[in-house]
Amino acid sequence: MGNLVATNRSAEAYHTKMLEEVVGSRFAAQSLVRSYKRSFNGFAAYLTPQEHEKLAGHEEVVSIFPSTTYKLQTTRSWDFIGFPENVTRNPTIESDTIIGVIDSGIWPESQSFTDKGFGPVPKKWKGVCSGGTNFTCNNKIIGARYYNTMSPNDTTARDNVGHGSHTSSIAAGVPVRGASFYGIAEGTARGGAPSARIAVYKVCHKDSCGAVDLLAALDDAIADGVDIITISLGGDPLELKSDVIAIGSFHAAQHGVLVVQSAGNGAAKATVASVAPWIFSVGASSTDRGIITRVALGNGSVLTGKSVNSFDFKGKSFPLAYGKDITIKCNESSAMDCAPDCIVPRLVKGKIVLCRMYDFTSEVYNAGALGIIFNEESFLPDNEVDDDSDVAPIAAIGLKRKDFNVVEGYFNSTKSSEVNILTSESTKNLDAPRVAGFSSKGPSTIIPDILKPDITAPGMEILAAYSPLASPSEYDSDHRSVNYNVISGTSMSCPHVAGAAAYVKSFRPNWSPSAIKSALMTTARKLDPTKDQYAEFAYGAGQIDPVKAVDAGLVYETSTQDYITFLCNLGYDSATIKNMFKANATCPAKPATTIKDLNYPSMTSQIKTAKGSKSAVTFSEKFTRTVTNVGAGKSTYKAKASAGPGYNISVTPSVLTFAATNEKKTFEVVVSGKIDYGEMLSASLEWSDGVHLVRSPIVVFPDNFFDS
């Protein structure tokens, strides 16, 4: 995969010729799956292991990697981050901003995507409306493409999953009054950049999204002229040379396109999947609007738990079933878990089932029970929390372990126990913002010296547009049809940042992708580290604040050459970088910088320790950074570093004086101290001119942090 190469032959013919040398002329056409020819140079093909080895030896082949499968990761949110509906906007330029959504398609008839009041399609748009069967674009949804290598019978950009409609409306949906999920979370559903245009690239079908199609969508989106790409997809962390999103996004950055990607829903530390520094990686956090469900026991007790429950029992209670009473096929312990193939349908008909395990909701649903009460902490490590509410196909409530034990005790002490699961309601969440338990945490296992995720945004219990063809609970036999749904995931936080980036770009149309990213990071609201033991590895620079980002004061710009130097320092040779990322890359024999010297808005360093050692380690780490003045022409910024008992930070120079806008200044930061086994140092540097506050998180951690 590399840059386009000048040639008299078409890219497809060129790729076919290469394949002919490997598989023979008779089979080359059948072997070739897709040529990437608009924004970068490469192809996908079916190969045997022997053919793979032969092609890898071709002098013009940089790398070959297997096609992987990526997964989808999924009212009040914008208000919570200080971004009200009446915020000052620049509607003319916002309307000229195009957000490319690479996802499961879109439901074009949704009220969130009406084009009432929109002008003509922006002149810079070079794309097409190739939405396929029964799909029409408008002046809001200005382009559509679908890619169906994984599902050849799906010939439309229309969304039958719901995920793509949801993410599109979060990023750029127009305001829709009175939106709700069966009356739950009712309010105005709106996107961050409601005047922006949407270009749809459907690559996902059900739960899978093929790498072949994903790369093709990136290729097209760049050439079509989008300004921002939002990708709420991910998988396991991959080396950059094997990560199609990282490769395609590098080319996007070269063309001035910012790519925003979800960090992943891996929950634990060191699971963040979006690791490339040219990608804006987003974690998920809560808002001050929570959704709760209550269950009333026959003894008068009422317990509060989590779910998005729309089923209304009209105040009626139903028998509670548990353990040996629901099975004749399993032992009592398995039945208490609601394990597979244990529940006998006739024993749970007209009843609500108590389950020790969360994972087996489907067993209760398929058995035909009325509802389920489960222990929501049953599948979580001790240091994780399940803090979001999900839609289930039946009446459901998840309880904390102590409350679950109360219900269990009630069942055991009462001959005829009955319960009523009430419909869900909104409540004030006083603990917000807090990083979601499911949100993938750092450090990155691929590039430990780059802080990931970069930032966090609302991703819990988000009400947004949905496809009426899709099940709101993702159970095929749940035939409810809704226009708006409540979903949680880093898939939901990612388009929040894409919408915020579009808002910033509407005021700063000439800013580079890295400048927009820097502005959103350095003006972010720092989260409370006492709420998450992984601190910056959970929330990056903090929670986005789009309004502040428009007037950031200083930005850390990262050029293509900076990224090339970074790749050299990462161990890639000149030939690989030249062919995969840029045509004129040259790596020095002895690098003058290190990975951590990439001109990035955050500063991170992994400290090497002796193998097997659990002793504290002394360190002294230097970071070099350059800031660009994007504020007033004449200004003076003074450095203020955080302080703590175990470390010291020095900044040289500690005062930066600018004479003009766009002037650059370079400085050095030295962080020294002592750090214990498995711990992390959480610090920060702030530059202030009395008006702007430009904050960069600083993280230092030993390599045994992964083991603790």
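Modeller: Strand β29 (residues 635-641) and strand β33 (residues 681-688) run antiparallel and are joined by 4 bridges. Strands here are DSSP runs of E with at least two residues, helices are runs of H or I with at least four, and both are numbered from the N terminus. Two strands count as paired if DSSP finds at least two bridges between them. Within this pair, Ala 641 lies opposite Leu 685 of β33. The model is a predicted one, in which local features require a pLDDT of at least 70 and side-chain atom pairs count only at pLDDT 80 or more, whereas totals for chains, interfaces and linings use all residues. Residues are numbered from 1 along each chain as its sequence is written, and side-chain values use heavy atoms, with hydrogens and water left out.

The two strands belong to an open sheet of 5 strands with mixed pairing, in the order β27-β34-β33-β29-β31. Its edges are β27 (603-607) and β31 (655-658); each has a single partner strand, so one side of each lacks a neighbour in the sheet. On average, neighbouring strands of the sheet are turned by 15° against each other, direction ignored. The axes behind that angle are lines fitted to C-alpha atoms, for helices over the stretch in contact, and angles run from 0 to 180 degrees between N-to-C directions. In general, strands of a sheet pair through backbone hydrogen bonds, either parallel or antiparallel.

From the sheet I turn to the whole chain. Its secondary structure comes to 18 helices and 34 strands. The radius of gyration is 26 Å, close to the 27 Å that the globule rule gives for 708 residues, so the chain is as compact as a globular protein of that length. The radius is taken over C-alpha atoms, and the rule is 2.2 Å times the number of residues to the power 0.38. Along the principal axes, the C-alpha atoms fill a box of roughly 80 × 70 × 60 Å. Of the 708 residues, 58% are buried, where buried means under 20% relative accessible area, exposed over 50% and partly exposed in between (1.4 Å probe, protein chains only). The accessible surface is about 27,300 Å², with 49% of it belonging to carbon and sulfur atoms; such areas come from the Shrake-Rupley method with a 1.4 Å probe, and for residues only the protein chains shown count as cover.

In α17 (residues 560-570), the buried residues are Tyr 563, Ile 564, Phe 566, Leu 567, Cys 568 and Asn 569. Their cover includes α8 (244-254), α14 (513-522) and α18 (574-580), by contacts of heavy atoms within 4.5 Å. Just after α17, Gly 571 takes a positive phi of about 110°.

Salt bridges come next. Such a bridge is a side-chain nitrogen of Lys or Arg within 4 Å of a carboxyl oxygen of Asp or Glu, and by this rule there are 26. One of them joins Glu 109 and Arg 158 at 2.7 Å, N to O. This pair links distant parts of the chain, with Glu 109 in the loop between β4 (98-103) and β5 (141-146) and Arg 158 in the loop between β5 and α6 (163-172), 49 residues apart. Arg 158 is buried, at a relative accessible area of 9%. Another joins Lys 531 and Asp 431 at 3.5 Å, N to O. Here Lys 531 sits in the loop between α14 and α15 (536-539) and Asp 431 in the loop between β22 (425-428) and β23 (455-458), 100 residues apart. Lys 531 is partly exposed at 22% relative accessibility, and Asp 431 is partly exposed at 31%.

The loop between β22 and β23 contains Pro 443, whose peptide bond from Gly 442 is cis with omega near 0°. Pro 453 is found in the loop between β22 and β23 as well, and a cis peptide bond joins Lys 452 to Pro 453, with omega about -5°. Asn 134, which is not a glycine, has a positive phi of about 55°; Asn 134 lies in the loop between β4 and β5 and is exposed at 60% relative accessible area.
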